[in-house]
Amino acid sequence: MMPFNATDSINLFKKFTFRRGWNAAKVLSSYYISKYTKKPVQWGLPISISFEPTTSCNLRCPECPSGLRAFTRPTGMLQNDFFSETIDQLYKDLLYLVFYFQGEPYLNPDFLQMVKYAGDKGIYTATSTNAHYLTDTNARKTVESGLDRLIISIDGTTQKVYEQYRVGGRLDKVLEGARNIVRWKKELRSKTPFIVFQFLVVRPNEHQIEEVKQLAKEIGVDDVWLKTAQVYDYMHDPNQLIPTLDKYSRYKKNTSGAVDIKNSLENHCWRAWHATVITWDGLVVPCCFDKDAQHTLGDLKGKPFREVWEHNDYRNFRAKLLQGRANIDICANCSEGTRVWG
């Protein structure tokens with residue numbers, strides 16, 4: 001799920017309680033029983049959830065439905081009261097909370113209040129941002145919120161390369177935001193957030209991998225993660241995004257010269273047992289690859305989370321995974337097993 005880093009891992013480990021550990025043990029054991037018996041067994045509640053602050057975004061990235069304004073589901077903002085009510089149901093068992101699904105989290109005016117609320121409950125919190133809103137004020141508030149991990153998307157070390165994927169973005173704003181966060185961590189003598197530069201490796205920027213590592217070092221960023229890019233029309237790749245460096249591609253050419261995904265899509269998926277995604281308006285979807293919420297497994301409006309998690313709809317979805325994962329459309333472009341950490 002994440003690369004190993006001693007500092008970040010220690011911070012995560014501090015969030016463990018006996019109850020959270022016991023819940024994790026139940027989830028893990030039920031996953032392995034399901035995997036080997038091919039029958040969906042689910043014990044415990046999620047170890048990790050992703051909560052969507054908003055579907056709105058300021059950029060126009062070519063492989064992102066939020067950037068392309070291609071959603072069929074409505075655009076909106078996560079409401080603070082709904083968020084807190086859901087967290088109140090889960091926090092005793094929940095270890096890890098990602099404030100991200102689609103959209104730019106900092107566009108939600110209550111975003112950092114929600115981070116603090118979850119942090120005060122002892123939950124490890126993380127988010128991903130394009131960093132255009134990390135002003136001096138927001139950077140300070142981010143550090144003060146107790147956010148544990150901040151992933152900054154930076155897909156180029158020059159404006160010309162950066163804007164080929166981050167359409168409408170300004171690299172100078174990203175770097176300014178990163179410096180603001182680093183400075184306020186020092187000013188407030190805070191060990192968090194753990195700051196990551198995430199570099200989505202595509203053909204236009206693959207020659208800048210070493211440069212982004214050097215840039216991170218100069219600014220004081222804690223780590224650099226190299227991520228493989230999801231290309232929706234990878235059979236034809238009209239935008240020429242698939243990198244030439246095989247190590248950084250989710251795809252490979254088969255014997256006929258056509259492009260296939262590297263993932264063998266075995267009939268099991270750890271995500272479906274230990275994690276889930278909640279959209280801004282309360283829909284529960286199985287994972288972050290269901291960007292348009294086409295596989296909605298429940299609606300939390302007026303319904304407790306446990307009822308959705310244990311419902312037949314969720315059980316049936318897990319059964320489909322065990323029977324034939326390749327038959328589920330959102331699994332077809334899955335990156336599990338094809339990630340590269342830099």
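Analyst: Happy to; here are the labels, taken one by one. This is a predicted model, so local features need pLDDT of at least 70 and side-chain atom pairs count only at pLDDT 80 or more, while totals for chains, interfaces and linings use all residues. Residues are numbered from 1 along each chain as its sequence is written, and side-chain values use heavy atoms, with hydrogens and water left out.

User: What is the mean pLDDT of the protein chain?

Analyst: The mean is 90, and 92% of the residues reach 70 or more; pLDDT is the predictor's confidence in each residue, from 0 to 100. Over residues 337-342 the value is below 50, although that stretch has 21 contacts beyond near neighbours in sequence (contact means heavy atoms within 4.5 Å).

User: What makes Asp 148 and Lys 15 a salt bridge?

Analyst: The term asks for a side-chain nitrogen of Lys or Arg within 4 Å of a carboxyl oxygen of Asp or Glu. Here the closest N and O atoms are 3.8 Å apart, so the pair qualifies. Asp 148 sits in the loop between helix H5 (136-145) and strand S4 (149-153), and Lys 15 in the loop between helix H1 (6-13) and helix H2 (18-37), so the bridge ties together parts 133 residues apart in sequence. Helices (H or I, at least four residues) and strands (E, at least two) are DSSP runs, numbered from the N terminus. By the salt-bridge rule, the count comes to 14.

User: Why is Asp 120 called exposed?

Analyst: Exposed means over 50% relative accessible area, buried under 20%, and partly exposed in between (1.4 Å probe, protein chains only). Asp 120 has 57%, so it counts as exposed. Its salt-bridge partner, Lys 116, is at 2.9 Å, N to O. Lys 116 has 40% relative accessibility and therefore counts as partly exposed. Both residues lie in helix H4 (residues 111-120), four residues apart, about one turn of the helix.

User: And why are Asp 172 and Arg 170 partly exposed?

Analyst: Asp 172 has 42% relative accessibility and Arg 170 has 43%, so each falls in between the two cut-offs. These residues also form a salt bridge, with the closest N and O atoms 2.7 Å apart.

User: How do you know that the span of helix H7 is close to the expected one?

Analyst: The expected span is 1.5 Å times one less than the number of residues. H7 (residues 171-187) has 17 residues and reaches 24 Å from first C-alpha to last, close to the 24 Å expected. Its buried residues, including Trp 184 and Ile 181, pack against H5, S4, helix H6 (159-165), strand S5 (194-201) and helix H8 (209-219).
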